[in-house]
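Hi,

Here is the structure I promised to pass on.

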Amino acid sequence: MIVDSYRFLPRSFRPFYEGKGSFPGEETPVWAPFEKRLQASRIALLSSAGLYLKASQRSFDLVREQDNPEWGDPSWRSIPAGVAAADIAVAHLHINDEDVLADPEIAMPAHLLDQLAAEGVIGSATADHLSVMGYQDRSLQAWREQTLPDLVAKLRDQQADGLILAPV
Amino acid sequence: MLARWIEAAGIPTVIVTMMPAVAEERRAPRIVGVEFPFGHPFGMPGDKAMQRRVLELALSVLAGASAFGTRVDLDIEWPVPLRDAYKAWQPKEASPIVKKLLATLGRA
């Protein structure tokens, strides 16, 4: 079964995504071999749903995006794996956030990953997962220059053996 | 692109995406495709069995893919009629860029 990548996309948006090819300079394969057994590996999650902690973190900046529609907040948030759904907020202007708020696991399945660790399917999950807001300036310059080094440092610091990214 | 850059930094990645054809074009290293509405990469809210199938497939592709560009699509049909699901995922208010595009089209 082959997934239809455009099934849920308004038809007029399709040309913005289809047939665009790779970003300039990003044609060549990149490959980091996964060398351990899953049972001995530590796994991290990254969501682009704009998740943040209601009580202690700032929202992604949606006000500036309203003023400048081509801009998206390039910052990131660290989300503790054990956080309760009720403590998570969503800052993303491009999706209906009701389902993610009702069950953040559909964007960042942190509790399920912990359960798989408890069952021995994986070795462990990282203590913190990563949250970004996926709507970005087309150049992705801010992500690359400011956010990426932080994300990589955080993953290394937590000794993550692999990362599951889920754009929304 | 984050997947490529993080992979290039030495950390293996897999991307779970509603648009696997686009992830292939953008040259992501490992891809899991799901035919779900936007905002729902791991499936239906509250449906632990569906979420588990997605996560387990992502883990097996992450750990087991033997070559760059590996793509595996998950054979689960979204359990909501297309017309309803198509409407449901979209924001109640159009995003700023969509508003801007619509305004541009309106002036044309």
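I picked A:Q159 out for its backbone: phi is near 55°, a positive value in a residue other than glycine. A:Q159 is exposed, because the count of other C-beta atoms within 10 Å is 11, and the cut-off for exposed is 12 or fewer.

Before going further, bear in mind that this is a predicted model. The scores are ipTM 0.96 and pTM 0.96. For chain B the average pLDDT is 95, and 98% of the residues score at least 70.

Chain A overall

Chain A has five helices and seven strands. Read from the N terminus, the order of elements is α-β-β-α-β-β-α-α-β-β-α-β. Its radius of gyration is 17 Å, close to the 15 Å that the globule rule gives for 168 residues, so chain A is as compact as a globular protein of that length. Of the 168 residues in chain A, 41% are buried. Take the contacts in chain A between residues at least 6 apart in sequence: 80% of them join residues at least 24 apart.

Where the chains meet

On the chain B side, 59 residues are in contact with 55 residues of chain A. Several elements of chain B each supply at least two residues to that side: α1 (2-8), β1 (13-17), α2 (20-25), α3 (48-64), α4 (82-88) and α5 (96-107). By residue type, the side of chain B that touches chain A divides into 37 nonpolar, eleven polar and eleven charged.

Strand β7 of chain A (residues 162-166) is joined to β1(B) by three bridges, and the two run parallel. Within that pairing, A:L163 stands opposite B:T13.

The core

The largest nonpolar core has 71 residues, and those with the most contacts inside it are A:A107, A:L163, A:I164, B:V16, B:V32, B:V54 and B:A58. α3(B) gives the most to this core, with nine residues. As background, nonpolar side chains tend to be buried together in soluble globular proteins.

What does B:V32 contact, leaving aside its neighbours within four places in sequence? The list is B:V14, B:V16, B:L57, B:A58, B:V61, B:V72 and B:L74.

B:R27 is not a glycine, yet its phi is positive, at about 65°. You will find B:R27 in the loop between α2 and β2 (30-33) of chain B. With 19 other C-beta atoms within 10 Å, B:R27 is partly exposed; the cut-off for buried is 20 or more.

B:T70 belongs to strand β3 (residues 70-73) of chain B. B:T70 is partly exposed as well, with 16 other C-beta atoms within 10 Å. Not counting residues up to four places away in sequence, B:T70 touches B:R30, B:I31, B:V61 and B:A65. And how far apart in space are B:T70 and B:E24, C-alpha to C-alpha? The distance is 8.9 Å, for a pair 46 residues apart in sequence.

Cheers

Methods
Residues numbered from 1 in each chain as written. Chains lettered and ligands numbered in written order. Contact = placed C-beta atoms within 7 Å. Helix = DSSP H or I, 4+ residues; strand = E, 2+ residues; numbered from the N terminus. Nonpolar A, V, L, I, M, F, W, Y, C, P; charged D, E, K, R; others polar. Pairing = 2+ DSSP bridges. Core = buried A, V, L, I, M, F, W, Y, C linked by C-beta atoms within 7 Å. pLDDT = per-residue confidence, 0-100. Rg over C-alpha atoms; globule rule 2.2 N^0.38 Å.
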